[in-house]
Amino acid sequence: MKIRCILIDDEPFALNILEDDLLDFANIEILEKFNSPEDVPDFLQKNEVDLIFSDIQMPEMLGTQFIKTLENPPLVIFTTAYHQYALEGFELNAVDYLMKPIRKERLAIALKKVEDQLRLREKLSEENEEDYIFISVEYQKVKLLFSEIIYIEGLKDYVKIYLMNRAYPLMTRSNLRGMEAKLPEKYFVRIHNSYIINKQKITGFHQSKISLSKIELPVGKKYVASIKSLSE
């Protein structure tokens with residue numbers, strides 16, 4: 001599997017070191033290098049990119065702020081010399097957060113995570129003729145891949161859909177029961193009057209709570225049996 005990536009860092013030396021390290025991985029294809037995020041959105045519109053390596057502290061804009069501006073960003077690995085941005089990075093669903101100087105062994109682990117996520121997308125595509133739904137968002141139809149959905153929250157006549165690699169949820173006029181009917185039971189389960197989750201995103205659970213990486217959601221009493229069945 002080829003992983004098509006771009007590199008962003010305001011320090012040319014850091015860019016060159018990362019590029020040299022990535023050249024040792026046969027499945028990595030470096031499409032372009034950038035010294036600032038300014039030209040990246042235009043490049044993303046014209047090219048298929050699987051992964052962004054982004055520095056965080058840059059003069060024009062923080063890397064984390066830049067990722068928030070992207071509608072549907074590729075997978076992201078943050079590279080930085082500063083610990084304090086780690087939480088924000090993971091809240092943006094970054095695949096990994098690498099501290100400079102980046103050790104080759106640590107880089108290999110991060111790339112394995114990327115490969116696993118990309119293979120999961122491929123697997124879902126192969127198993128389902130349709131691995132997506134269309135929803136109405138602000139007067140237009142938006143295509144959502146099942147593999148990108150983390151969880152869905154019901155709010156009376158609206159639902160919020162939380163997605164991988166997107167800072168803010170999408171909102172659409174619907175109710176949770178209507179959304180549940182559109183989603184395959186193989187990948188999604190209702191855990192509460194207010195929540196539907198993607199089973200693929202579960203990192204841990206017990207009778208009253210379920211974990212989706214950094215997120216914890218409550219389990220409603222009438223849905224406990226559904227949660228227990230996940231481990232059977």
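**Close-ups of a predicted model**

**View 1. Phe205 and Ile210 face up across a strand pair.** Ile210 of S14 is the bridge partner of Phe205. We're looking at a predicted model here, as in the other views. The strands in this close-up are S13 (residues 204-205) and S14 (residues 209-212), which run antiparallel and share 2 bridges. Getting from S13 to S14 takes a hairpin of 3 residues.

**View 2. Helix H1 has a buried face.** H1 covers residues 12-22, and its buried residues are Ala14, Leu15, Leu18, Asp21 and Leu22. Look down the axis of H1 and these buried residues sit within an arc of 130°, so they line one face of the helix.

**View 3. Leu155, Tyr158 and Met171 make a nonpolar surface patch.** Together, Leu155, Tyr158 and Met171 put about 250 Å² of accessible area on the surface. Met171 belongs to strand S10, residues 170-173. Is Met171 buried, partly exposed or exposed? Met171 counts as partly exposed because its relative accessibility is 42%, and that class lies between under 20% for buried and over 50% for exposed.

Key. Residues are numbered from 1 along each chain as its sequence is written. This is a predicted model: local features need pLDDT of at least 70, side-chain atom pairs count only at pLDDT 80 or more; totals for chains, interfaces and linings use all residues. Side-chain values use heavy atoms; hydrogens and water are left out. Patches are made of residues with over 30% relative accessible area and no salt bridge: like charges are joined within 9 Å, nonpolar side chains (Val, Leu, Ile, Met, Phe, Trp, Tyr) within 5 Å. Accessible areas come from the Shrake-Rupley method with a 1.4 Å probe; for residues, only the protein chains shown count as cover. A salt bridge is a side-chain nitrogen of Lys or Arg within 4 Å of a carboxyl oxygen of Asp or Glu. Helices (H or I, at least four residues) and strands (E, at least two) are DSSP runs, numbered from the N terminus. Buried means under 20% relative accessible area, exposed over 50%, partly exposed in between (1.4 Å probe, protein chains only). Two strands pair if DSSP finds at least two bridges between them. The arc is that of the directions from the helix axis to the C-beta atoms.
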